[in-house]
Amino acid sequence: MNLDLLRFSPGAYLAPVVDWLNRNFHPFFDAVTKFIEAVLGGIEAALLYPPPYAVIVAAVLLAAFIAGTRVAVVTALALAFCLLVGLWTASMQTLALVTVAVTISVFIAFPLGILASRYRNFEASIRPLLDMMQTVPPWVYLIPAVIIFSLGRVPAIIATIIYGIPPMLRLTTLAFNQVPKNFLELGHATGASPRSILFKIEIPAATPTLLVGLNQCILLSLAMVVLAGLVGAGGLGAEVTRGLTRMEMGLGLRAGLAIVAIAILLDRLSRGAVQRGQGTGAAKAT
Amino acid sequence: MNASNIDTNEVLVDCQSVWKVFGANAPEAMKAVVERSLTKKQVLQDYKCVVAVSDASFQLRRGEIFCVMGLSGSGKSTLIRLLNRLIEPSIGKIIVKGKDIAKLNPAELRKMRARNMGMVFQSVALLPHRTVLENAAFGLEVQGISKGERNRTALAALEKVGLADWVERYPSDLSGGMQQRVGLARALAADPEIILMDEPFSALDPLIRRQQQDEFRRLTKSLGKSSVFITHDLDEAIRLGDRIAIMKDGVIVQIGTAEDIVAKPADDYVADFVAGISRIHLVKARSVMRPVDDFKRSQPQCDVNALPQTSPDADIGELIDVTMQSDGNALAVVEDGVVVGVVTVRGLLRGVAGMPAEELVAA
């Protein structure tokens, strides 16, 4: 028997699908591209048009207002670092890219995570998909993304979103499964509507774990930024790639540390904002 | 009982032959129980189902505290959750204020829970990210009552339980007893007629528990509320309950006043339970007295009208006090100016020892 006949090549089935999608849904993907480009362009322009020090001052004030003094200091240090290592433009591009990617990831992962905690079967059916999204090297799904959306920031963002969804989704499910049963019982016994139970009991009780999910989503998305450099999305990823291809240790290190600075900034800011939104009790509970 | 203008005969909750069977094959198991009257053990073996509550019937009347006493696994927690449909009964009817709660749609059910039935949990279940005031106002908040109004009502409820100075604190700042009072305030804030108490004081230490029991009874009576109170502690049931139901293996084995249960236990299980209970404050003159004629026959020289007098509702402790203050060995029990019976020292001793009432009369 010829073992070659048994060889399984999923690509042979997938490639036509991608081609078919590209051929028949081109206007749709085009619209998605244009939309994401527009949003990204807008955020980038807002960050890059004013002089850097003005952006830093604005960001620090915003951080102080929504998340407190400590976060404001972290914000100042992180942004000053990006400016001082001479990677301001690239840093702002990355910030825009990650902000958009994380926002979209959360908007997809959060409701699906809640559904997965409500319905066991749904959770069981998406689990292998999530495993795949997390373990298949992102380079692999970058290929169809580039075919469909062509080079640039959009395929990078799509790849980042795919990478960012699983941790947020899993931790949302975990967070909701961990809400103490007696709190839910309280909600039912008080005659609260499902909506009230969700917003007044479940989400506040789930917040600490949701924050871990958000943190993971941000950090993994930033890790993908390097990859974005490969497909021409610019930003710090492009600087890292340049450092690697030219064997410039200094550039690679500066870009790498700038990514760390952006990561810390986004994490502290999002965490502070969510906790502030919860009132001081959330800080106590965590 | 301060709120004397309420109709104590009105039935607020009527629980009619309610069963609850848990498990994957619950409907088949339930059918088998009804058709072939299987025992709990057989149901577990044949259907892998647990009978949590079997054929429970009782009525909660307006203004009374109805205690359900049972050990863990007796089905008492399931029973209380059937009353507000946190758990759906397998068969049987539960009528709350004349309405079959199984027939309520989700919105009506929420309204019934919000307006008619407050619940206090053993776990307290205070939301940690909310202040004491916000916790107490929770029930009103989910009913969509405006912030100013609900905070006023919640503050009034917190004042009733003596926590008005703690409104801005978080639950973690409070002791266990205080947390449970917030739980009670939260239930009272919505002003329900019925308060379901699911072992609320079980986790508290004995002294605090007793204070809370007295406070709860005082509050419930002064506000004219009715309550179903779950406990595993017979002392607590006797201290609080106007009537007590004893549950064992999902079955209500006896319902009665504390005196009924202590004086006339329905079976050996209940008798074992009440064996250690002091009867001094439970057994009343009415159940230890001898008929006047009977007394006159045995002691013809004694003038009944000259004996120290007492009322039929005086407990043994009071009877002992009155006997000790007099020279004689007998007391006359007077009701509406007529001597209805005589309590002798012998009768008192029998009452303390827990001898059945029939023998008392015969002696």
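Me: What percentage of the residues of chain A count as buried?
Reply: This is a predicted model, and the value is computed from it. A residue is buried if 20 or more other C-beta atoms lie within 10 Å of its own. Chain A has 286 residues, and the share of them that passes is 40%.

Me: How many helices and how many strands does chain A have?
Reply: Read along the sequence, chain A follows the pattern α-α-α-α-α-α-α-α-α-α-α-α-α. The tally for its secondary structure is 13 helices and zero strands.

Me: How far apart are the end C-alpha atoms of residues 91-270 of chain A?
Reply: An unreviewed UniProt entry gives this stretch the feature "domain: ABC transmembrane type-1". Its make-up is 89% helix and 0% strand. For scale, the C-alpha atoms of chain A fill a box of roughly 65 × 60 × 35 Å along the principal axes. The end C-alpha atoms of the stretch are separated by 18 Å.

Me: Which residues is Ala136(B) in contact with, leaving aside its neighbours within four places in sequence?
Reply: Contact here takes C-beta atoms within 7 Å. The partners of Ala136(B) are Ala154(B), Ala157(B), Leu158(B), Val182(B), Ala185(B), Arg186(B) and Ala189(B).

Definitions and conventions: Residues numbered from 1 in each chain as written. Chains lettered and ligands numbered in written order. Predicted model: local features only at pLDDT ≥ 70, side-chain atom pairs only at ≥ 80, totals over all residues. Contact = placed C-beta atoms within 7 Å. Helix = DSSP H or I, 4+ residues; strand = E, 2+ residues; numbered from the N terminus. Buried ≥ 20, exposed ≤ 12 C-beta atoms within 10 Å, placed from the backbone. UniProt positions renumbered as here; feature names shortened; annotations may be inferred.
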